[in-house]
Amino acid sequence: MTDAPALPSTKTTAAKFDDLARRRAEAIDEPEAGAIEKQGKRGKKSARQRIEMLLDEGSFVELDAFAKHRSSNFGLDKRRPAGDGVVTGYGTVGGRQVCVYSQDFTVFGGSLGEVHGQKITKVMDLALRTGVPLIGISDGGGARIQEGVAALTQFAEIFRRNVAASGVIPQISLILGPSAGGAVYSPALTDFIVMVDKTSNMFITGPDVIKTVTGEDVGFEELGGGVTHNTKSGVAHYLGTDEEDAIDYVKALLGYLPSNNLTDPPLWHDGEQMLEVTDADRDLDTLVPDSDNQPYDMRRVVEGVLDDGVLLEVQPLYAQNVVVGFGHVEGHPVGIVANQPQQMAGTLDINAAEKAARFVRTCDAFNIPVLTFVDVPGFLPGTDQEWNGIIRRGAKLIFAYAEATVPLVTVITRKAYGGAYIVMGSKQLGADVNLAWPTAQIAVMGASGAVNILQRGALKAVGDAGGDVEAERTRLVSEYEDALVNPYDAAERGYVDAVIAPSETRVQVTRALRALRTKRASLPAKKHGNIPL
C-alpha cells in the first residue's frame with residue numbers, strides 16, 4: 001500500500017508572507033505599543049526600547065520572538081503572550097558583537113517562567129559559544145509562582161551559566177526595575193551591576209516579609225534601592241541618574257573590556273605618546289603637602305597619567321578611601337587602584353579591601369594591566385573591623401595581587417606602612433615595576449609611632465631628668481625618618497625599581513607599560529585557588 005499523495009497547500013506563498021507579517025505584528029508591534037505606554041506611565045522604557053538605546057542602530061537581531069509558555073496552571077493557558085516576558089538576541093555596541101536579554105515588566109510582571117528562563121539560557125549559551133559580552137537587563141519580580149518548580153529550576157540553569165562564563169566573557173547587569181528573591185543572584189554573579197536612582201530595587205526578601213518576620217519597618221528604596229546598593233552594600237558598581245545615563249555607562253564600560261578572556265582589550269587610539277615631561281606633569285611636583293597629616297586628591301595623580309585625564313570610576317560611591325576604575329595609556333585600557341588620602345586618610349578597611357580585590361581580579365581575568373597608586377597609613381583599627389573579619393577579608397586583596405598575571409605597575413606617592421604597604425601591589429607580592437616618589441615613606445609604621453615604641457625608655461629618662469621630652473621626641477622622629485621612613489632603603493634593596501620626581505610619573509609609567517606588553521606569566525597547575533571568601 002502506497003502513501004496517499006500530499007495535499008497541496010491551501011495558502012499561496014504570498015499569503016504565507018502575509019501570515020508572517022500578521023504574526024510579527026501580533027507578537028512584537030502591537031504588544032510593544034502597549035508596553036511603551038504602560039512603562040512610560042512609570043517613567044520607564046520598554047524592554048525593546050532599552051535594547052535599542054544600548055545597541056548600535058539597526059543592529060539588533062531578535063531570537064525566539066514567538067516563544068510561548070506551556071503552562072496551564074491557574075488559567076495561564078488562556079494567556080500565552082509571544083516572547084513570554086523577555087526579549088533576547090544579539091547586536092553590536094560600538095561595532096562590537098554582544099548578546100543581550102531584556103525582561104518585559106508588562107508581561108506577567110517580568111517574572112521568570114520555564115520558557116522565559118530557557119530563552120535567557122539560550123542567549124547565554126550563544127554568548128559563551130561565540131565569545132562575546134552578555135548584557136542582561138532586569139525588570140521583573142522573580143520566579144513565576146503559577147509555574148512552580150518548572151520556573152524555579154530555571155534560576156539554577158541561569159546561575160550555572162553565569163559561573164561558567166565568569167572570567168571568560170564580560171557579563172554586565174542593568175537593573176532597571178525590581179529584582180527580587182532568587183532573581184538577584186544572577187546579577188550578583190556577573191562582573192558589573194548598574195542601577196538607576198529611585199527606579200531600581202534589589203532584595204532577597206521584600207519590606208512586607210521583613211516587617212512580618214523581624215518587625216523592621218523599611219521601604220523599598222531604603223532596603224534595596226540604587227543608593228543603598230551603591231553606598232552601603234557595595235552590590236552595585238554605578239548609580240545612573242536615569243535609564244539613559246545607566247546605559248551610557250555600560251557602553252563606556254564595554255569600551256575598556258575585551259570580547260573575551262582570549263582577546264586583548266580594544267585600542268582607543270593607535271599611537272605612542274611623546275615621552276617628555278610637560279608643564280602639566282610638573283604640577284604633580286607640588287601636590288604632596290609638607291605635612292604627613294594633610295590630605296590631597298589622589299585622582300590628580302591618576303588623571304595625570306591617563307590619556308586626556310579620563311577615568312571611568314567603578315563603585316565611585318562605595319568605600320571611597322580607595323579609587324578603582326578604567327582609563328587608557330597610549331590608547332591601551334588600564335585598570336586603576338589608588339588609595340585616597342581625602343577619605344579616612346587612605347586607610348584600608350574591609351570594604352576598601354574587597355572593592356580593590358574584586359577589581360584587580362576583574363582586570364586580571366580580562367587581560368587589563370593594573371596601575372596601583374599607594375598612600376596608605378595602614379589598616380583601619382577597631383573592634384568593628386576585627387570582629388567583622390578584616391584578617392580574612394583583607395587577605396582577599398593579597399590573593400588578588402599575588403594571583404594576577406597581567407602587567408602590574410605600582411607608584412608609591414607617600415605613606416606605605418606595614419602590612420597595608422605589602423598588600424597594595426608591592427614588589428614581593430608580584431608587581432613588575434615599582435616606582436616611588438621622594439616623598440614616599442616605606443616603613444613598618446610612621447616615625448612618630450615607631451619612636452613612641454622604640455624610644456619609650458629614652459623619652460622617660462629625659463622626662464625624669466627634667467629635660468624637654470617633646471624636643472627630644474622631635475629629634476628622634478627626625479632621626480628615624482632620615483634612617484628608615486623614606487624610599488631609599490627600599491630602593492637599595494631592590495624593593496622599588498626607581499625613585500622618580502612626581503613630574504616623571506606619566507613618562508615612567510608609559511615606558512613600563514610598553515615594556516610589559518609582551519609579559520608572559522603563569523600560575524602553578526591547579527584546579528583553582530582557595531581565596532579566603
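At 1.5 Å a residue, the 14 residues of helix 14 (residues 390-403) should span 20 Å, and the end C-alpha atoms of helix 14 are 20 Å apart, which agrees. The expected span is 1.5 Å times one less than the number of residues in the helix. The model is predicted: local features need pLDDT of at least 70, side-chain atom pairs count only at pLDDT 80 or more, and totals for chains, interfaces and linings use all residues. Residues are numbered from 1 along each chain as its sequence is written, and side-chain values use heavy atoms, with hydrogens and water left out. Helices (H or I, at least four residues) and strands (E, at least two) are DSSP runs numbered from the N terminus.

The buried residues of helix 14 (under 20% relative accessible area, with exposed over 50% and partly exposed in between; 1.4 Å probe, protein chains only) are Ile 390, Arg 393, Gly 394, Lys 396, Leu 397, Ala 400, Tyr 401 and Glu 403. An α-helix has 3.6 residues a turn, so residues three or four places apart point the same way. The elements covering the buried residues of helix 14 include strand 11 (332-339), helix 12 (350-365), strand 12 (370-376), helix 13 (383-387), strand 13 (408-417) and helix 15 (418-423).

The axes of helix 12 and helix 14 come within 8 Å and cross at roughly 25°. Axes are lines fitted to C-alpha atoms, for helices over the stretch in contact, and angles run from 0 to 180 degrees between N-to-C directions. Helix 12 and helix 14 are therefore roughly parallel to each other; angles under 35 degrees count as roughly parallel, over 145 as roughly antiparallel, 65 to 115 as roughly perpendicular and the rest as oblique. Their crossing is left-handed, a term for a near helix turned anticlockwise from the far one by less than a right angle, with clockwise giving right-handed. In contact (heavy atoms within 4.5 Å) are residues of helix 12 including Ile 350, Ala 353 and Arg 361, and residues of helix 14 including Phe 399 and Tyr 401. By class, this contact has 10 nonpolar, 1 polar and 6 charged residues. Ala, Val, Leu, Ile, Met, Phe, Trp, Tyr, Cys and Pro count as nonpolar, Asp, Glu, Lys and Arg as charged, and the others, Gly among them, as polar.

For helix 3 (residues 114-130) and helix 4 (residues 149-165), the axes come within 8 Å and cross at roughly 10°. That makes helix 3 roughly parallel to helix 4, and the crossing is left-handed. The contact residues include Gly 117, Ile 120 and Met 124 of helix 3 and Ala 151, Ile 158 and Arg 161 of helix 4. The residues of this contact divide into 8 nonpolar, 5 polar and 4 charged.

The axes of helix 2 (residues 47-54) and helix 9 (residues 243-254) come within 9 Å and cross at roughly 45°. That makes helix 2 oblique to helix 9, and helix 2 passes helix 9 in a right-handed crossing. Arg 50, Met 53 and Leu 54 in helix 2 meet Glu 243, Glu 244, Ile 247, Val 250 and Lys 251 in helix 9. These residues divide into 4 nonpolar, no polar and 4 charged.

Two loop residues other than glycine have positive phi. Lys 198, with phi near 65°, lies in the loop between strand 6 (192-196) and strand 7 (201-203) and is exposed at 65% relative accessibility. Gln 315, with phi near 55°, lies in the loop between strand 9 (312-314) and strand 10 (322-329) and is buried, with a relative accessible area of 6%.
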